[in-house]
Amino acid sequence: MITQLFIRALGARLYWVVGLLLLAAILVPVSNLLLPIGHPLRVPNYMVALMGKYLTYAMLALALDLVWGYVGILSLGHGAFFALGGYAMGMYLMRQIGSRGVYGNAELPDFMVFLNWSELPWYWWGFDHFWFAMLMVMVVPGLLAFVFGWFAFRSRVTGVYLSIITQAMTYALMLAFFRNDMGFGGNNGLTDFREIVGYSIQAPGTRAALFAATAVALALSFVICSAITKSKLGKIMIAVRDAETRTRFIGYRPEYVKLFAFVVSAVMAGIAGALYVPQVGIINPGEFAPANSIEIVVWAAVGGRGTLVGPIIGAILVNYAKTWFTAAYPDLWLFALGGLFVAVTLFLPKGIVGTIGRYFEDRRDTKAARASETPDLPVVRPEKPPVRRLPGADASPQPAE
Amino acid sequence: MIFTDFLRRHVMMIAVALLATCGGASAQSVEDLVRQLPKGSYSDRAEIVSQIAATGDPRAANLLDALAAGELNVVEATGQIVTLSGRGDPLDAVDALTGESIGEVAKASVERIRVNNSLRRAVRTAVGQLTLMSGDANTRMTAARAMFQAGDPDNVELLDEAIAEEQNAAVLQVMEEARAVAILRSDAEPAAFAAAVDTIAARGDRQALGILQAALSSADADVTPTIEKGIADIQGRLALLDVGQNVWYGVSLGAVLLLAAIGLAITFGVMGVINMAHGEMVMLGAYTTFLVQNFIRASFPELFDWSLAFALPAAFLVTGLIGIAIERGVIRFLYGRPLETLLATWGLSLIIQQAVRTTFGASNREVGNPSWMSGSFDFYGIAITWNRFFIVIFALIVFAALLLVLKRTALGLQMRAVTQNRRMASSMGIRTPWVDAMTFGLGSGIAGLAGVALSQIDNVSPNLGQGYIIDSFMVVVFGGVGNLWGTLVGAMTLGVLNKFLEPYAGAVLAKILLLVFIILFIQKRPRGLFAQKGRAVEA
């Protein structure tokens, strides 16, 4: 019964989030395109792109939360899936430039002409077609996650070891993409895009449409994540997170559960990356940097991991703060970000949403206890993990518990 | 030995001088002989040149060199032999024999001493005698090297004479090599030619390879196989040398990795905590070195060569105390949550980096090398720089010291106990929180020491630590925790592998291949090379 209550609470939250996102998907473009410039309610052009960027980040944080918050895999390499999706999109956009590049070569992108490539490498074939590029946006990160996860989870690489090798993965990819002879534009990456499916990428209409697409994609991801986490599979995911060995002994195969979540999450991150690139106008190997991937983790942590709504809120809040800080106090941003890492882990381990949720739960429990007129009945708190005490308070800390 | 050497040489000089006397001319002082240089026919002057050489005067070698180069002039009024320098008119004149300046002379008042090829040959022979048979082994060595470079077939006889007299083994070897080069360029008979090829091949460096390849292109068909064999020998040797060089580079990289990773390994081993701020501790160690050096430069400049000796304890203390502060202030609240420790220490690393950037600026800081760490030395043909050499030694010392601390001190015993079984160690009365703090301090302090070492070979900038952090993780993950030997083996393996892959794949691809290798390796041995065994694994 308590579980049902929980699901219903999440269900309400689901409608709210999806409703708000869809509303934004309609209202922002409408206000941007229809209201005259200077109107107080008009969303300016730069704001549309900025908000679109935030929403792609939110989607990325949501993807990370699915593996970190629900399966306990702290991936420090999710930026790699994001960037791979972005590169797939970037390749399509490069092909759309056609002969309008600086060198006017219809066959090759500018950087390949510059580097004296004679023909298009095989892995660029097919990216002239939008459908193929969109397929690759999902297939490439998904495949990488599948192969990587297959090896890692089957040999039971867990905890910090897993985190470190995911970091090594994105680091290796970053080094690889920085190489000019990889054929992805080296350290300049892919940029100078012109058109997407026939519409100019700079036009306000296209930008508004991209924003709407991002909001819808985020809403869709949210629905999918909710469906997964609320299903029976979701319960097993949480079981794997909390007691992997025990779950295995009961008879489940934790590696398949993990693999499923990891691949879904990677595909989601890839789509987020693909939506990010046309709105920002560039993709370069810097997106693979390990520091970027760790930053994603803090978005999820600030909002509250294991809550689905939290990462969305966290990503938007932290990135808004970043935009504000880097404009107003550029020197202080890293202090603020570093402080955020420390403060969240120390004082807000459940994140903003988790902490607020706990507050309301506590209040409801107290009310319920009062209303039941049997004050002796112990208060039952749903799904509350045992509070860990500080070392020194009782038994010594147990590392790698 | 040296004395007899000296004596022999002088006896010979005297003999040569006597011969010259018997030739008719009376024994004269060098000064007189030199004054006769401008006059007479070329053949008479060649005679004078050999007499100058026969005096054995060490100053004569330079003078004869100048003569062969056509740089000698005679001042017409005084008959002085001078070399000129400067431009225009008048020119600065220097006495060619004594090297004393005699002031300015007008261009019109001097006349160049003319030379022809036969006189040049006489000069070269004379100089060869003077230098190849000089009493000073260094002079002979220089002369022999010069002849090796010149490789003139006309020098063979001269070298034969010198070789017959030579006692010093090192000089003898160079002389024989010089003779071999000369023979290779002459029309010697096949047997002598083959011997010369062997001599050159025995030298075995790139220069020898070049000489043989040049000889091959102009050689007759019957000696070609000899030369080809010589070339193959040298190439085999050079390949071996390349391997040696790569091993050394690998060991040197491995030592750096070891220094950076070893502190990480003990904190990870004992506490199960990944310290993402470890790289920043290295960076702080390097900045401490910078500050200590600045202080010493300003206050006690004579102690500059010892600045690193002061920097080491300073860096250890500074970073060790910061490490303890981090443990007490942040990490101890996060035990049992290793993933969140990872995030919190990452946050700390951002803060420390930005703090250093704000304080010292984002640009590189200059940290000087003490004089005993500059330069390089040659080890069987492998050039080894002193700073790399000392870093390898230093890394091994730190490793040994840490091993000693772990095996021989009370803290080490407690650390090992906590690593193996924290709960049991606690039950036996070990204050595990204290051990944690000390371990973290020790690990950070060692990072500081690594920073002192790295300040000698890397740019001291706020990003210094970031460059090493992922590599040190790889070492720890590869080597396994709970055993320092794992870290040593891991660091050296990765270092050497990296340097062996680099020539084939390039630096970046080598690193990528290595990362892929480690990711695959972890599949096979999820707990690293030297994994802890027993129940602790599944804790």
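## Nonpolar cores

A nonpolar core is here a set of buried Ala, Val, Leu, Ile, Met, Phe, Trp, Tyr and Cys residues joined through C-beta atoms within 7 Å. In this predicted model, the largest such core has 201 residues, and those with the most contacts inside it are Ala61(A), Leu62(A) and Ile262(B). The element that gives the most to this core is helix α2 of chain A, residues 45-71, with 16 residues. A second, separate core has 32 residues, among them Met147(B), Ala180(B), Val181(B) and Ala182(B).

The surroundings of Ile262(B) can be listed in detail: once its neighbours within four places in sequence are left aside, Ile262(B) is in contact with Val398(B), Phe399(B), Leu402(B), Ile446(B), Leu484(B) and Thr487(B).

## The contact between chains A and B

The contact between the chains takes 48 residues from chain A and 44 residues from chain B. On the side of chain A that touches chain B, at least two residues each are supplied by α5 (130-154), α6 (159-178), α11 (290-303) and α13 (333-347), and the largest share, 14 residues, comes from α6(A). By residue class, this side of chain A divides into 33 nonpolar, 10 polar and 5 charged residues.

## Overall form of chain B

The secondary structure of chain B comes to 21 helices and 7 strands. With a radius of gyration of 34 Å, well over the 24 Å that the globule rule gives for 539 residues, chain B is more spread out than a compact globule. Along the principal axes, the C-alpha atoms of chain B fill a box of roughly 105 × 60 × 45 Å. Buried residues make up 45% of the 539 residues in chain B, and among contacts in this chain between residues at least 6 apart in sequence, 68% join residues at least 24 apart.

The domain assignment of chain B gives domain 1 (2-135), domain 2 (142-222) and domain 3 (243-506). The C-alpha centres of domain 2 and domain 3 of chain B lie 51 Å apart.

## Two positions in chain B

Thr78(B) lies in the loop between β1 (72-75) and β2 (81-85) of chain B, and it counts as exposed because it has 12 C-beta neighbours inside 10 Å, the cut-off for that class being 12 or fewer. The C-alpha atoms of Thr78(B) and Ile266(B), which are 188 residues apart along the chain, are separated by 82 Å.

Leu130(B), by contrast in setting, lies in helix α5 of chain B, residues 117-132, and is buried, with 26 other C-beta atoms within 10 Å. Leaving aside its neighbours within four places in sequence, Leu130(B) is in contact with Ala53(B), Ala60(B) and Ala61(B). Leu130(B) and Arg140(B) are 10 residues apart in sequence, and their C-alpha atoms are 8.9 Å apart in space.

## Two helices of chain A

Helix α3 of chain A (residues 78-97) has 20 residues, which at 1.5 Å a residue should span 28 Å; its end C-alpha atoms are 29 Å apart, which agrees. The helix α3(A) is mostly covered, since 17 of its 20 residues are buried, and it is followed by Gly98(A), whose phi is positive, near 60 degrees.

For helix α12 of chain A (residues 309-328), the 20 residues should likewise span 28 Å at 1.5 Å a residue, and the end C-alpha atoms are 29 Å apart, which agrees. The buried residues of α12(A) are Val309(A), Gly310(A), Pro311(A), Ile312(A), Ile313(A), Gly314(A), Ala315(A) and Val318(A).

## Positive phi in loops of chain A

Most residues other than glycine have a negative phi. Arg156(A), although it is not a glycine, has a positive phi of about 55 degrees; Arg156(A) is found in the loop between α5 and α6 of chain A and, with 16 C-beta neighbours inside 10 Å, counts as partly exposed.

Asp192(A), also not a glycine, has a positive phi of about 65 degrees. Asp192(A) is found in the loop between β1 (190-191) and β2 (195-196) of chain A, and its 16 C-beta neighbours inside 10 Å place it in the partly exposed class.

Methods
Residues are numbered from 1 along each chain as its sequence is written. Chains are lettered from A and ligands numbered from 1 in the order in which they are written. This is a predicted model: local features need pLDDT of at least 70, side-chain atom pairs count only at pLDDT 80 or more; totals for chains, interfaces and linings use all residues. Helices (H or I, at least four residues) and strands (E, at least two) are DSSP runs, numbered from the N terminus. Two residues are in contact if their C-beta atoms, placed from the backbone, lie within 7 Å. Ala, Val, Leu, Ile, Met, Phe, Trp, Tyr, Cys and Pro count as nonpolar, Asp, Glu, Lys and Arg as charged, and the others, Gly among them, as polar. The expected span of a helix is 1.5 Å times one less than its number of residues. Domain bounds come from an automatic or database domain assignment. The radius of gyration is taken over C-alpha atoms; the globule rule is 2.2 Å times the number of residues to the power 0.38.
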